[in-house]
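Hello,

Here is the structure you will be taking over. Please open it first, then read the notes below.

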Amino acid sequence: EVGQPESLSKILGNKGNVLIDLYAFDEAKLNFKKCIKICEETGIQKGIGSALNSIGIIYQKQSNYKLALENFEKSLEYFVKFGQDRNVANTYHKIGEVQHVLGNNELAFDYLLNSLTIRKELNDKIGEVESLLFIGEYYKDLGNYDNALSYFNESFAISEEVQDSTGIANSLNKIGRLYHNQGNFEEALDVYRKSLSVMKNFNNRKDVLSSTICFMGETLSKMKMSDNALKQYNESLEIRLEINDKKGIAECYNNIATVYFQIENPKLALDYHLKSLEIKREIGFLKGEAISLYHIGEVYSYRKDYVESLANFKAALKIFKKLNIKNRIANVHFTIGYLEEEQQRFNNAIHSYNKAKSIQTEIGDLYGLSRTLKNLYKNLRRTNNSIDALLNYEEYISVKDSLTKIDGIEKEKERFIHEKYLLKIQADSIVSANEIKIQQEKVYTKDAENEKLTQQKYFLFGVISLAFIFGGFIFNR
């Protein structure tokens, strides 16, 4: 009205960001597009980059990764042009996130490292923590737990330094997830409790609090403590309903469904999966929609309703193909193969298993490839394809040998990580407000030192005994 286009463009951008938080993505995009139009008409090009970046974030939230990348890359051009280094670093990080989801791990890692480098140069500690956490997550997904733990510990140290309780809690949660994936459930729960203490006493970020409670539920579920897991999930759900975190609500419903499926209550499992699916469709979360469809297919398969099961698996497959998430595509092909095998349609099973095998070979998924080759061998024998059966069996043995070597390496890594946990359990504890507000004074009494040495001694005796008893490798999807 008074002819202030620059202020108007900023208001439209701010309004758009609020609409994103409200999951009103279409309306948000309209505001950002109006913002871009004003900037173009008035020659205020500096504001275009931020609007394009926000549109990219919307597409990322909707799992439309192709359009997300397009907008991030366009915004990057503007940020570089106007020397907006902090925005350059943030955009590198976002591109790295998307490339990681798409399975382009080397490219993702390059972008994440570039982001981290710039953030270090800018002394952007909060941004640095974000980068460190995601790079650690990258290594965790690769199974490199030593590097993952190193990055998570560094993010924890920086968060303590700048008194960022959110960063502390997120770092602890990542460390907890690492222990969870290795089957060290008690250690995971202990770390989550520390994270909860931080969030409840020094932070009002309810989204992080609800995530921590949810992570505890997942660990309890793995420990077959179904009642306790449900209690945690419902507590997390209550918080997410309060803050209207729709994606989080959908994830809670999904987790609750998983517990009911675990305790063989397929009716309630299906009910909660359908609730989750409805919300994911409402907010346009495509990847989440596909995951829900897959789980619904599992429930129908359990109930021997193979027609409905196959329909849901195929619907999930269609979305995963659209998003080009290769590990998920391979997993659905394998599951469809197993479904066909259950119905003694062995040729159909072989067809699906071969599709899974091709993708697993391409992306280097040895664990998935091992089980696919084993099932191919069985079904090829059933159809009297002796030569192909033998070839797949030989390949299965070769992959299994490779996994045995990896298993030995990972067991050694787990031993050292577990030992580090025991040695640092007191140093890493957060028990008072002073430990968040100032650097923790790491002064141990002689009794504490003796206790730590005793823990080491018992731990070493324990691992020597366990090494002769236990084997196996825990693979978390």
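**Helices α2 and α3**

The axes of helix α2 (residues 25-42) and helix α3 (residues 48-61) come within 9 Å of each other and cross at roughly 160 degrees. Axes here are lines fitted to C-alpha atoms, for helices over the stretch in contact, with angles from 0 to 180 degrees between N-to-C directions. Helices are DSSP runs (H or I, at least four residues), numbered from the N terminus. α2 and α3 are therefore roughly antiparallel (an angle over 145 degrees). Among the residues making the contact (heavy atoms within 4.5 Å) are Phe-25, Phe-32 and Ile-36 of α2 and Leu-52, Ile-55 and Tyr-59 of α3. The contact residues divide into 12 nonpolar (Ala, Val, Leu, Ile, Met, Phe, Trp, Tyr, Cys, Pro), four charged (Asp, Glu, Lys, Arg) and one polar (the others, Gly among them).

This is a predicted model: local features need pLDDT of at least 70, side-chain atom pairs count only at pLDDT 80 or more, and totals for chains, interfaces and linings use all residues. Residues are numbered from 1 along each chain as its sequence is written, and side-chain values use heavy atoms, leaving out hydrogens and water.

**Helix α13**

Now to α13 (residues 246-262). This helix has 17 residues and reaches 24 Å from its first C-alpha to its last, close to the 24 Å expected at 1.5 Å a residue. Just after α13, Glu-264 takes a positive phi of about 60 degrees.

Best wishes

Methods
Helices (H or I, at least four residues) and strands (E, at least two) are DSSP runs, numbered from the N terminus. Angles under 35 degrees count as roughly parallel, over 145 as roughly antiparallel, 65 to 115 as roughly perpendicular and the rest as oblique. The expected span of a helix is 1.5 Å times one less than its number of residues.
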